[in-house]
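Colleague: I am new to reading protein models. Could you walk me through this one, a feature at a time?

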Amino acid sequence: MAGAAIWLAVALASLALFLRGGTRHYRWLYRPGGDARRRRFLLRALRPTLHFALVTLVALAALERLDTLAELPAEFAPARDAAIDLVGGTMPLDLLAWSTLGGVAIGGVIAGLVERWRGRSVTLGDVESVLPTTRGELGWGALLSVTAGVTEELFFRLLLPLLLARCGVPGVAAFALACVLFGAAHRYQGAAGMIATALVGAVLALAYLLSGSLLAAVLLHVAIDLNALVVRPVLSARVR
């Protein structure tokens, strides 16, 4: 437990460093076009790789728990049982992946067309700073989507709940706390965005627990972000 407590402190410190500077980091992205904006997109992709993915891998290696990357940790059994009771059963990874990806794709098309018709974004929270404004930036949007989907799921759906559980926090509560911190990590979106993100985190945690595979949460997260940062900007005609 001592080792877990130390690494929990390290993980929380890494999250605090990620949040350092508040929304100022994202305001740079409001500046249109140019190399400065592209550099900020690259930085936005690299920061979670350092603060989330690297910390997760080092912590799991130090605790000799790298096996949890491929297998659901035994510490998550109570939370998995609660998730199964909630929905009435488990869900195979392939069925979960295809159904959720299909739902996200359909939702993205509808939302994109609605945004085009209404002439403004239909989102909860302020995400304008990370939305592509030119077709050349769509690739950066895709990069951000994949980076966030992988690094944030490693940190918020695996590492934090695992460390909290090993420190004595009950399984469901561990995931709930991780979801709250997941919302806090998106505070640049404002209060509405943080609440919405925390709720999305709960859905991602449910997908992870029901399928028993972190890959399910990663795929769903990437799909949600691709929807917001690539599909909808194209369909809404916001990119030039």
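Modeller: Gladly! Let's begin with a term: a residue is called buried under 20% relative accessible area, exposed over 50%, and partly exposed in between. Asp 67, at 38% relative accessibility, therefore counts as partly exposed. Keep in mind that this is a predicted model.

Colleague: How many of the residues in the protein chain are buried, as a percentage?

Modeller: Buried residues are 45% of the 240 in the protein chain. The accessible surface of the chain is about 11300 Å², and carbon and sulfur atoms hold 69% of that area.

Colleague: Which elements is the protein chain built from?

Modeller: The chain has 9 helices and 0 strands. Read from the N terminus, the order is α-α-α-α-α-α-α-α-α.

Colleague: And how do I read contacts along the sequence?

Modeller: Look at how far apart the partners are in sequence. Among contacts in the protein chain with a separation of 6 or more, 78% are between residues 24 or more positions apart.

Colleague: Let's go back to Asp 67. Which residue does its side chain meet in a salt bridge?

Modeller: The general idea is a side-chain nitrogen of Lys or Arg within 4 Å of a carboxyl oxygen of Asp or Glu. Here the partner of Asp 67 is Arg 65, with 3.8 Å from N to O. Arg 65 has 14% relative accessibility, so this residue counts as buried. Arg 65 also meets Glu 75 in a salt bridge, at 2.8 Å from N to O. Both Glu 75 and Arg 65 lie in the loop between H3 and H4, so their pairing ties together parts that are 10 residues apart in sequence. Glu 75 is partly exposed, because its relative accessibility is 24%.

Colleague: How many salt bridges are there by this rule?

Modeller: The count is 3. Another of them links Glu 153 to Arg 157, with the closest N and O atoms 2.8 Å apart. These two residues sit in helix H6, 4 residues apart, which is about one turn of the helix. Glu 153 and Arg 157 are both buried. As for Arg 65, Asp 67 and Glu 75, shared partners join them into one network.

Colleague: Now the inside. Which residues touch the most other members of the largest nonpolar core?

Modeller: A nonpolar core is a set of buried nonpolar residues joined through side-chain atoms. The largest one here has 40 residues, and Phe 155, Phe 156 and Leu 159 touch the most other members. At least two residues of this core come from each of several helices, including H1 (2-19), H4 (77-87) and H9 (214-235). H6 gives the most, with 9 residues.

Colleague: What is Phe 156 in contact with, leaving aside its neighbours within four places in sequence?

Modeller: Its contacts include Leu 15, Phe 52, Ala 178 and Phe 182. There is also a second, separate core of 7 residues, with Phe 41, Ala 45, Leu 144 and Leu 229 among them.

Methods. Residues are numbered from 1 along each chain as its sequence is written. This is a predicted model: local features need pLDDT of at least 70, side-chain atom pairs count only at pLDDT 80 or more; totals for chains, interfaces and linings use all residues. Side-chain values use heavy atoms; hydrogens and water are left out. A nonpolar core is a set of buried Ala, Val, Leu, Ile, Met, Phe, Trp, Tyr and Cys residues joined through side-chain atoms within 4.5 Å. Buried means under 20% relative accessible area, exposed over 50%, partly exposed in between (1.4 Å probe, protein chains only). Contact means heavy atoms within 4.5 Å. Accessible areas come from the Shrake-Rupley method with a 1.4 Å probe; for residues, only the protein chains shown count as cover.
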